[in-house]
Amino acid sequence: ALRGAGIPITIASSTDKYQIDVAMERLDMAKYIDRVYSVSDVGVNKSNPLIFNIASEFMGTKPEETWVFEDGLYAIKCAKAAGYKTIGFYDEVSDKDWAEIQATADIAVENCSHITVEEIQNYGE
């Protein structure tokens, strides 16, 4: 849906790039992804906004017009502090942080079926 709306999609992940590439190919999702960045490529974890900034620069977007989709509380906090809009996703690994993710992220959902492109595009209007 994002691709169909002409929205660029870049992955900025804590997972190694080769693992993401394999998963995207296996799931037939690679065609929707413009670029993949891993924290191992940029040299810092997601408590530093560098990976978000690199992805945003690649897409040609400013932080305030860029959404970060995240399941880690610390990364949501970092992205928000750097001026990005955030969508917090539920993950069993982050279950203990779910209440704070819901309170911190601009939007919090349990999975992708709980949000539409229109909601993202019209957020704050």
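This is a predicted model: local features need pLDDT of at least 70, side-chain atom pairs count only at pLDDT 80 or more; totals for chains, interfaces and linings use all residues.

Serine 38 touches Ser13, Ser14, Thr15, Asp16, Lys17 and Ile51, leaving aside residues up to four places away in sequence. Serine 38 belongs to strand β2, which spans residues 35-38, and its side chain makes a polar contact with the side chain of serine 40 at 3.0 Å. Because its relative accessible area is 0% and the limit for a buried residue is under 20%, serine 38 counts as buried.

The C-alpha atom of alanine 1 is separated by 9.7 Å from that of glutamate 118, although the two residues are 117 residues apart along the chain.

Side chains of opposite charge can pair when their charged atoms come close. In this model the count comes to seven salt bridges, and among them is the one in which the side chains of lysine 46 and glutamate 70 meet at 2.4 Å, N to O. This pair links distant parts of the chain, since lysine 46 sits in the loop between α2 (39-42) and α3 (50-59), whereas glutamate 70 is in strand β3 (residues 67-70), 24 residues apart. Lysine 46 is buried at 7% relative accessible area, and glutamate 70 is likewise buried, at 5%.

Another salt bridge joins the side chains of lysine 31 and aspartate 28 at 2.8 Å, N to O; here lysine 31 is exposed at 51%, while aspartate 28 is partly exposed at 47%. A further one brings together the side chains of aspartate 97 and lysine 96 at 3.4 Å, N to O, and lysine 96 is exposed, with a relative accessible area of 72%.

Technical notes
Residues are numbered from 1 along each chain as its sequence is written. Side-chain values use heavy atoms; hydrogens and water are left out. Helices (H or I, at least four residues) and strands (E, at least two) are DSSP runs, numbered from the N terminus. Buried means under 20% relative accessible area, exposed over 50%, partly exposed in between (1.4 Å probe, protein chains only). A polar contact is a pair of N or O atoms within 3.5 Å; within protein, one must be able to donate a hydrogen and the other to accept it, and residues adjacent in sequence count only if both atoms are side-chain atoms. Contact means heavy atoms within 4.5 Å. A salt bridge is a side-chain nitrogen of Lys or Arg within 4 Å of a carboxyl oxygen of Asp or Glu.
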